[in-house]
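Trainee: Hi! Could you walk me through this one while I have it open?
Mentor: Happy to, let's bring it up.

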Amino acid sequence: MSNLGHEIMIPSNNKRGKHRSQENGDRLSDLPDCVLLHILSYLNSIQAVQTCILSTRWKHLWKHIPTVKLHYLRNSPTVKRFDIFLSNMLALRDNSIALQALNLGRGLIEPQLLEKILNCVYSHNTHIHRLEISAISQSYPILSCVSSCKALTSLKLSLYNIGSRNYTETLFPTSLNLPLLTSLYLENFTFCGDEKGCAEPFSLFTKLNSLIIRHSKIKKAHILNISNETLVDLAMHYNSFNFAEIQLSTPSLCRFTFPDSLDQKICGTGLSCVKQVNINAPQNSYSMKHPFVLLGWLQDLANVESLKVTSITLQILSLVPNLLDVKLASLCNLKSLDIELRPLHGEFLLLLMKDDMLKKAIAKSHEEVAKLRKAFKAGLKLHPIPDGIVDFLRQNSPLAEVNITTKYKDCFNLKQVEEYVNGAKNTSYPQQFVVPASTASPSAALPSLHLCHAKKDTKRSGKIMSRMRNEIVGFKVKEKGESINVSDLRLWFPLGYVWIDGME
């Protein structure tokens, strides 16, 4: 086991490479089945099935993998061929191996195929821990299947309505009891209210740690009550405007992403203990009360240490009259302020900001107003971060670090932004690519293992193997009490599909 950390060279066409390959042998195939299955469980199931061409050692190995992970790949065939592949793969896998995780994300499953998938889930409902499904709304009773999976720890359900005029809401059952669930993601669900006009859908999850709800709404109620004793991480995105209030009864809440809407009142005791906050205010819908809503949110953040906002959020907040004179009683423990620069496209918001600048200029002098009007006429672009707002947010924590980033590097000059914003200590563009293992955190900085592929059995596999590419997998497994750490594991797989026995 201790030899896993050193390097095995991939054979080249020269004699030296061939000799080195013969000397080292096929180290990958020499690993125990439990290690190989753990490696394969990190791959998309399409790629895992492709390993059957490597050698006789690998021919049936994929059938024993305890996970099914299927996402549409860039080189995926038609939906029909994909469905055939999935159907046959489920039929051919060893059904005596307990299915522990099913991930069918980033693609919509047709109703007939979804029925087969859920029947497979039913047969393993006492073992499955992680379940992720994206499907067409009302295509099959998914929730009745989910309710039988009492061992679930992670659940992600995304339902969509495509090409149907008679849209039927998918109600999230208030009686759903998953005692071990720690992570929940729901998209396009409706929460039903009680006789008091309040929807409270999450109180039965006694171990829930993370909750994300997107594009959801409530029925027969005007209040969404998120009540949970163990919830630590809460995010709300693009939810309906059909309810006016969000009540937080979450004493353990540590991280909170505020709703994208500024029209819903947030109250309760949940905000008092939050440490990390993310606010992304929209620019496509605006009313005169929105700046005051943002200010009210900030005033409720008594113990926040990390605040992430967009430049649009700060621009809306700056429209509060005499904002810089407001004395905050909150943000006393602020340690970092992260600002993401985003282009301003909302014409109404832009006009309001210009009008606000003119009002401030009038208070100074008529010459200042004339100068500003002339600048606007000449095409002056407003600064993405309003003047003085960074110091306003740091008034109770002047040593808080300011980090300014943007995905729109063609729209902003970060060096100029740094010079403009007083106290900004770090300005940078986010990384566009995954951080290499050598620069990752210590827990991820594991020794690398470069593996050569096994000798191929058939001429057909030889043709396919010529088009192989690397798939990098990081994993950590335990074998007989000994820890095995491997990173940058390069497995070779063909670019195209490999259809196993019975698949056409």
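Mentor: One term before we start: a nonpolar core is a set of buried Ala, Val, Leu, Ile, Met, Phe, Trp, Tyr and Cys residues joined through side-chain atoms within 4.5 Å. Also keep in mind that this is a predicted model.

Trainee: Got it. Which residues of the largest nonpolar core touch the most other members?
Mentor: Those are Phe202, Ile226, Phe256, Leu317, Ile339 and Ile385, in a core of 128 residues.

Trainee: And which helix gives the most to this core?
Mentor: Helix 5, residues 111-123, with six residues.

Trainee: Let's zoom in on Leu317. What does Leu317 touch?
Mentor: Leaving out residues up to four places away in sequence, Leu317 touches Pro291, Leu294, Leu295 and Leu298, and also Leu323, Ile389, Phe392 and Leu393.

Trainee: Helix 7 is next on my list. How many of the residues of helix 7 are buried?
Mentor: Seven of the ten, so helix 7 (residues 290-299) is mostly covered. The buried ones are His290, Pro291, Val293, Leu294, Leu295, Trp297 and Leu298.

Trainee: What covers the buried residues of helix 7?
Mentor: The cover includes three strands, namely strand 15 (265-268), strand 16 (276-279) and strand 17 (306-310). It also includes helix 8 (311-317) and helix 11 (389-393).

Trainee: Switching to charges. How many salt bridges does the structure hold?
Mentor: There are eight salt bridges. One of them joins the side chains of Asp355 and Lys359, with N to O at 3.5 Å.

Trainee: Where do Asp355 and Lys359 sit relative to each other?
Mentor: Both are in helix 9 (residues 347-362), and because they are four residues apart, about one helical turn separates them. In general, an α-helix has 3.6 residues a turn, so residues three or four places apart point the same way.

Trainee: Nice. Is Lys359 buried or exposed?
Mentor: Lys359 is exposed, with a relative accessible area of 54%. Asp355 is partly exposed at 36%.

Trainee: What about Arg394, what does it form a salt bridge with?
Mentor: With Asp391, where the closest N and O atoms are 3.6 Å apart. Arg394 is buried, with a relative accessible area of 8%, whereas Asp391 is partly exposed at 36%.

Trainee: Now for a couple of serines. Where is Ser216 found?
Mentor: Ser216 is in the loop between strand 9 (210-214) and strand 10 (217-219). Its relative accessible area is 2%, so Ser216 is buried.

Trainee: What does Ser216 touch?
Mentor: Beyond residues up to four places away in sequence, Ser216 touches Leu186, Asn188, Phe189 and Phe191, along with Tyr238, Asn239, Ser240 and Phe243. Tyr238 is 22 residues from Ser216 along the chain, and their C-alpha atoms are separated by 7.7 Å.

Trainee: And Ser41, where is its place?
Mentor: Ser41 lies in the loop between helix 2 (33-40) and helix 3 (45-50). Ser41 counts as buried because its relative accessibility is 16%. Setting aside residues up to four places away in sequence, Ser41 touches Ile65, Thr67 and Lys69.

Trainee: Great, thanks for the tour!

Key
Residues numbered from 1 in each chain as written. Predicted model: local features only at pLDDT ≥ 70, side-chain atom pairs only at ≥ 80, totals over all residues. Heavy atoms only, no water. Helix = DSSP H or I, 4+ residues; strand = E, 2+ residues; numbered from the N terminus. Buried < 20%, exposed > 50% of the residue type's maximum accessible area, 1.4 Å probe, protein only. Contact = heavy atoms within 4.5 Å. Salt bridge = Lys/Arg side-chain N within 4 Å of Asp/Glu carboxyl O.
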